[in-house]
Structure formats: C-alpha cells, structure tokens
Amino acid sequence: MYKVSVLIPIYKVENYIEKCARSLFSNTIAYDCEFIFTNDCTPDSSMKILERVVKDFPGLKDNIKILNHKTNMGIGATRNTGFNKATGEYVICTDSDNYVEPDYLEVLYEEAKKGNYDVVSCDFFVEDENGEKFQNDKNDIFYNNYDKNLEAYLNRKITSFLWNKLIKRDFLQAHNIFWDNNVTMLEDMLFLTKVFCNKPSAVYVSKNLYHYLKRKGSYCHSVATGKTADSVELALSQMYECMNKKEVSVFCDSFYKLVCWRKYDLLQRGTNVAQKKALKMLYKANSYVDKENIKSFYYNIIKISTFSCSLAYCLLHFFFLSKCLLRRINYRDYVEKV
C-alpha cells in the first residue's frame with residue numbers, strides 16, 4: 001500500500017502543469033506515493049506536457065496513473081474518478097496550477113502517523129503569477145473537541161481548501177464521503193462539511209508546504225453566473241441536510257452566517273441573474289448578516305432583502321448599471337452570458 005495517493009485534476013493548465021508535476025515527483029517520499037492525474041477533456045496541451053515530464057522520472061513509472069474522461073465532467077467528478085482508483089493509506093488533492101515544497105507529503109504523512117490522525121493540515125504560501133508572495137491569514141485552527149472543529153469550520157476558522165489537508169482514506173470510505181458530481185461550485189466546502197460532521201481527529205502543522213497561485217483565469221476568481229448560483233445553492237442545501245442528518249443542527253447559526261458570506265461573494269462578482277438568485281437563496285440566512293462584518297453596501301443590500309428581495313435587487317441592479325456607465329464597463333460583462 002502506498003503511503004499517500006495524490007489526486008490531480010487536469011483541465012486548461014498547460015502553463016502550470018509542468019511545475020506542479022515536477023514539484024510532486026521530486027518530493028522526499030515520492031517513491032512511497034502514487035500520483036493520479038485525471039484528464040477532464042482538457043482542450044490544450046496539458047497532457048502532452050505532463051507525458052513529457054513523466055519521462056524525466058522513469059523510476060516513478062509504476063507510481064503514476066493517468067486517467068481520461070470521455071466528456072468534461074467538472075472538478076467534483078474528476079476528484080471522484082481519481083479517488084476511486086486510489087490505494088494509498090491517505091489521500092490529498094493537489095491543484096494542477098499550484099506547486100508544492102519538497103517535503104510536502106512527508107511532513108503531513110509523518111504528522112498523521114504520529115497521532116493516528118484522520119486529518120492533517122498545513123500552512124501555505126499565496127502568490128501571484130509574477131511570483132510575488134502575499135500574507136496568508138487563513139491558517140487552520142483545530143481543537144481536541146470534535147464539535148468545536150465543526151463550528152470553527154463553519155465560522156471560516158478552518159479553510160475549505162483540500163490541497164493543504166491530508167485525509168485518511170479509510171475514514172472517507174467508512175463514512176461514505178465522496179464529491180457530488182452535480183456540484184461545480186463549493187464542491188470542496190461541501191466535501192469538508194461531510195468530513196467534519198463525522199468527527200475526525202485533526203491536527204495542524206505550522207509549516208508552509210504548499211504554493212497557492214491566485215490567477216485571474218481560475219474558476220473561483222471568474223464571473224459568477226446563474227449556473228454558479230444554482231451550484232452554490234445546491235452545495236449549501238446539502239451542507240445543511242448533512243448537518244441535520246448528523247444531528248449537529250445546533251450549529252445552524254454558524255451555518256447561516258457562512259451563507260451570508262457566500263451571498264456576498266455572488267453579489268460582489270456575479271451577473272445580474274446570479275445576484276437575483278443569491279438574494280432569494282436560503283432566505284432565512286439574510287437576517288444573520290447583522291452578525292457578520294460584511295462591507296457596508298452589501299450588508300445593507302442583504303439586510304433590505306430580509307423584508308423585500310425585489311427592492312434589494314432593484315437597488316443592486318441600479319448600482320451596477322451606474323457603475324457600468326461611469327467606468328465605461330461593457331454591459332455584457334454584467335448581464336448573464338448565454
């Protein structure tokens with residue numbers, strides 16, 4: 001059995017996959033790990049580049065698996081495809097546009113074995129495409145108390161990133177935890193909600209082991225459309241359903257505050273269709289904006305929507321139309337793209 005199975009999705013990453021793959025293959029315990037790349041029908045030369053890099057590491061030939069989807073299925077389905085072929089004691093998801101430190105896998109694995117933990121997380125670097133590093137203030141905070149960990153996760157004190165979390169594969173299988181193929185946004189947040197609802201033992205390593213690249217073309221930094229809003233609502237609804245099923249709905253206040261932040265995100269970077277859907281999404285959550293430090297304009301929009309979603313939407317729509325005119329922004333960049 002391999003120590004770690006590393007799951008790497010491939011889609012439109014021709015400018016980044018070489019650095020990612022080389023950093024993984026050069027890890028200190030690479031020969032004790034397996035690397036599962038899943039091609040989600042990428043239209044560029046990512047796979048050719050990956051195949052070329054693989055040839056430079058002949059000793060890892062048996063450790064590398066390359067899987068191919070027949071149709072584009074999205075990130076959740078891609079992770080599932082890789083996970084279903086995994087044989088490692090632990091699994092971790094590495095994004096193909098990022099790269100890792102040489103001891104990324106070893107430090108996490110050794111820490112996991114030290115206390116037989118289900119989840120181990122680490123610090124990370126945040127940088128742009130020019131290599132400039134930014135202050136990371138999103139370090140995970142774990143407690144010995146399982147319920148406190150779930151509450152901390154819902155309150156955003158534990159990140160919803162998967163690439164800085166090593167997770168025991170047996171734990172995921174025992175609790176039937178997989179990604180939802182229909183969720184294309186917040187898929188990792190939903191996944192980790194399922195993880196923390198099942199009360200894992202967890203520990204945090206205070207060491208920067210991962211390099212997270214903030215790039216404009218990435219999915220999470222793109223314009224949020226109506227389809228994005230639908231996926232967000234589906235993910236949030238399933239998160240709440242999971243909490244109820246596990247009888248941890250005592251944390252619903254924390255959950256609704258998290259919903260307010262997701263609404264804020266859609267209002268801030270969404271098309272007008274996405275914004276309209278966001279205001280009506282999980283309507284009860286709107287009143288919880290009082291408990292969150294959201295920027296004043298969006299705070300008032302969400303607050304107004306508590307008694308009138310139509311009025312809130314009209315004000316928001318007028319604001320963005322004015323913004324388009326004053327800044328000469330193309331109106332098509334704001335309305336829904338068909």
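Buried, in this tour, means under 20% relative accessible area, exposed means over 50%, and partly exposed lies in between (1.4 Å probe, protein chains only). The model is predicted: local features need pLDDT of at least 70, side-chain atom pairs count only at pLDDT 80 or more, and totals for chains, interfaces and linings use all residues. Residues are numbered from 1 along each chain as its sequence is written, and side-chain values use heavy atoms, with hydrogens and water left out.

**Stop 1: Arg79 and its partners**

Select Arg79, which counts as buried because its relative accessibility is 4%. Arg79 forms a salt bridge (a side-chain nitrogen of Lys or Arg within 4 Å of a carboxyl oxygen of Asp or Glu) with Asp188, the closest N and O atoms being 3.0 Å apart. This pair links distant parts of the chain, with Arg79 in helix α3 and Asp188 in helix α7, 109 residues apart. Helices (H or I, at least four residues) and strands (E, at least two) are DSSP runs, numbered from the N terminus. Asp188 has 12% relative accessibility and therefore counts as buried.

**Stop 2: Thr78**

Next, select Thr78, which is placed in helix α3 (residues 75-84). Is Thr78 buried or exposed? Thr78 counts as buried, because its relative accessibility is 3%. Leaving aside neighbours within four places in sequence, Thr78 is in contact (heavy atoms within 4.5 Å) with Pro9, Thr38, Asp40 and His69. The side chains of Thr78 and Asp40 are joined by a polar contact of 3.5 Å. A polar contact is a pair of N or O atoms within 3.5 Å; within protein, one must be able to donate a hydrogen and the other to accept it, and residues adjacent in sequence count only if both atoms are side-chain atoms.

**Stop 3**

Display helix α1 (residues 17-25), where the buried residues are Ile17, Cys20, Ala21, Ser23, Leu24 and Phe25. These buried residues pack against β1 (4-10), β2 (33-39), α2 (46-55), β3 (64-68), β5 (99-100) and α4 (104-115).

Then select Asp32 and Lys3, whose side chains meet in a salt bridge (3.6 Å, N to O). The pair links distant parts of the chain: Asp32 lies in the loop between α1 and β2, Lys3 in the segment before β1, and they are 29 residues apart. Asp32 is partly exposed, with a relative accessible area of 35%; Lys3 is partly exposed as well, with 24%. A search of the whole structure finds 17 salt bridges.

**Stop 4: Lys65**

Move to Lys65 in strand β3, which counts as partly exposed at 26% relative accessibility. Which residues are in contact with Lys65, leaving aside its neighbours within four places in sequence? They are Glu34, Phe35, Ile36, Phe37, Lys85 and Thr87. The side chains of Lys65 and Glu34 are joined by a polar contact of 3.2 Å.

**Stop 5: the nonpolar cores**

A nonpolar core is a set of buried Ala, Val, Leu, Ile, Met, Phe, Trp, Tyr and Cys residues joined through side-chain atoms within 4.5 Å. The largest has 68 residues, and Leu172, Phe191 and Leu236 have the most contacts inside it. Helix α9 gives the most to this core, with ten residues. A second, separate core of 45 residues includes Tyr90, Leu105, Tyr109 and Val120.

Select Leu236. Apart from its neighbours within four places in sequence, Leu236 is in contact with Leu186, Phe255, Leu258, Val259, Arg262, Met281 and Leu282.

**Stop 6: helix α5**

Finally, show helix α5 (residues 146-154), in which Asn149, Leu150, Ala152, Tyr153 and Leu154 are buried. The buried residues of α5 pack against α7 (187-197), β9 (202-213), α8 (226-245) and α9 (252-269). At the start of α5, a side-chain oxygen of Asn145 reaches to within 2.9 Å of the backbone nitrogen of Asp147. Arg156 follows α5 and has a positive phi, near 65°.
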